[in-house]
Structure formats: C-alpha cells, structure tokens
Amino acid sequence: MTPKIGLIICSQRTPRAGLHIGTTILNDLQATDSVRTNAVKLSLIDLAEWNLPLYNEPGIPSQIHSSDQYLHRHTRKWSEEIASHAAFVFVTPQYNWGYPASIKNAIDYLYHEWNGKPAMIVSYGGHGGGKAAEQLKQVLCGARMRPLERTVGLTFPSRDVLMDAAEGRELDLSSWEGERKEVVEGLGEMVKLLLAEA
C-alpha cells in the first residue's frame with residue numbers, strides 16, 4: 001500500500017492564516033516527484049473541521065490498542081484517521097511563545113496511533129514560530145514519534161503582513177520561497193525514511 005502523509009493544520013482560530021498557509025504547503029508538496037509518482041499520498045487534516053472537544057475519554061490512551069476501545073465516536077474516528085497515516089507534517093502558528101492548545105489536545109487523545117511515525121514541523125508567526133516548534137517537537141517525542149531534526153520557520157515579513165494573517169486575509173507567500181523549498185526537502189527526508197521501512 002502507498003504510505004499516506006497527513007498535513008495537519010494546527011490552528012482552529014476564526015479568522016486564521018493556517019488554512020491558507022497549510023494548503024499552499026500542501027500544493028507545493030503535491031508537485032513533488034514522490035507524490036506525482038505515487039510513492040506517497042498526501043492528505044489534509046484540518047483540526048478546525050475535526051473540532052475535537054477537550055479530551056473526554058475515561059481511558060488512558062497508552063493503554064488503548066484499538067479504536068473500538070474508545071468510548072466516544074469522535075475519538076474512534078480520530079484514532080482511525082491518524083492510524084491510517086504513516087507520517088505527518090504539522091503546520092502550526094506560534095501563540096504567546098507556544099503552539100495552540102488544539103494540537104496538544106488532538107495529540108493527547110491518542111498514543112499508539114502516533115507511535116514511531118516520522119513528523120516534520122512547519123511553524124509560522126511574527127518571529128517564525130521557533131519556540132512553538134521546539135515545544136511541539138518535545139511533545140511529539142513524548143508520543144514516541146520521530147520528528148525530523150529540521151524544522152521550518154515562516155516569519156511574516158512585516159507587521160502589516162502579520163496583521164493580514166491575524167485577520168484571515170489572503171497572503172502573498174512569495175517571500176517564503178526559500179523556506180517552502182526547505183519543506184519540500186523535508187518531505188524528501190520523510191519519504192526516504194518511509195520507503196526504507198517498506
């Protein structure tokens with residue numbers, strides 16, 4: 001089976017820049033040889049669409065080994081979604097020097113579904129989101145994922161662009177051409193890892 005890589009949009013804000021940034025990155029990755037030759041498949045996972053409540057399962061995720069052991073339907077569906085992917089690209093904003101609660105909650109719902117899977121972090125913000133990326137990397141390691149050493153930070157080039165992003169207006173992402181190439185290179189690293197294990 002062709003491995004699936006999920007691109008997770010970590011922001012649930014309304015309005016938000018995350019969907020525009022995430023879909024732009026997804027389009028960049030869709031144009032790579034790995035995807036065009038069907039070595040891997042990409043899919044978009046938007047946390048705003050999942051809208052998971054704060055963790056409300058009675059069980060401890062590390063003790064649950066099958067989606068049918070979860071009490072709630074939303075958890076079972078989330079478990080099946082994450083289990084169906086072999087690796088992930090997390091696209092996260094930085095809020096007050098950290099990543100959003102929405103992605104921490106989404107990660108904490110599960111354990112074995114994340115275990116051992118490669119991950120890449122793409123952060124964005126007024127300073128590129130490096131602090132959020134480092135914190136998220138620690139959490140991914142706690143879930144026994146394998147985050148790439150490389151993280152990519154997208155820094156808004158001016159305060160005006162930052163305000164456009166905060167207000168959900170369309171952004172010109174051409175200033176991030178170099179960073180977007182780094183994301184493509186990161187995908188190449190993940191594909192090599194996945195194919196080596198196939």
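In this predicted model, strand β1 is mostly covered, with five of its six residues buried; buried here means under 20% relative accessible area, with exposed over 50% and partly exposed in between (1.4 Å probe, protein chains only). Strands like this one are DSSP runs of E with at least two residues, helices are runs of H or I with at least four, and both are numbered from the N terminus.

What does β1 line up with? Strand β2 (residues 41-46) pairs with β1 in the parallel sense over six bridges, where pairing takes at least two DSSP bridges between two strands. Lys-4 stands opposite Lys-41 in β2. β1 also pairs with β3, again parallel, over five bridges, and here Ile-8 sits opposite Phe-90 in β3.

Then there's the greasy part. A nonpolar core is a set of buried Ala, Val, Leu, Ile, Met, Phe, Trp, Tyr and Cys residues joined through side-chain atoms within 4.5 Å. The largest one has 30 residues, and Ile-5, Ile-21, Ile-25 and Val-89 touch the most other members. Elements that each supply at least two residues include β1 (4-9), α1 (18-30), β3 (87-93) and α8 (177-197), with α8 giving the most, five residues. Beyond its neighbours within four places in sequence, Ile-25 is in contact (heavy atoms within 4.5 Å) with Leu-7, Val-91, Val-122, Leu-154 and Val-183. A second, separate core of 27 residues includes Cys-10, Leu-52, Leu-140 and Ala-143.

Residues are numbered from 1 along each chain as its sequence is written, and side-chain values use heavy atoms, leaving out hydrogens and water. Local features need pLDDT of at least 70 and side-chain atom pairs count only at pLDDT 80 or more, while totals for chains, interfaces and linings use all residues.
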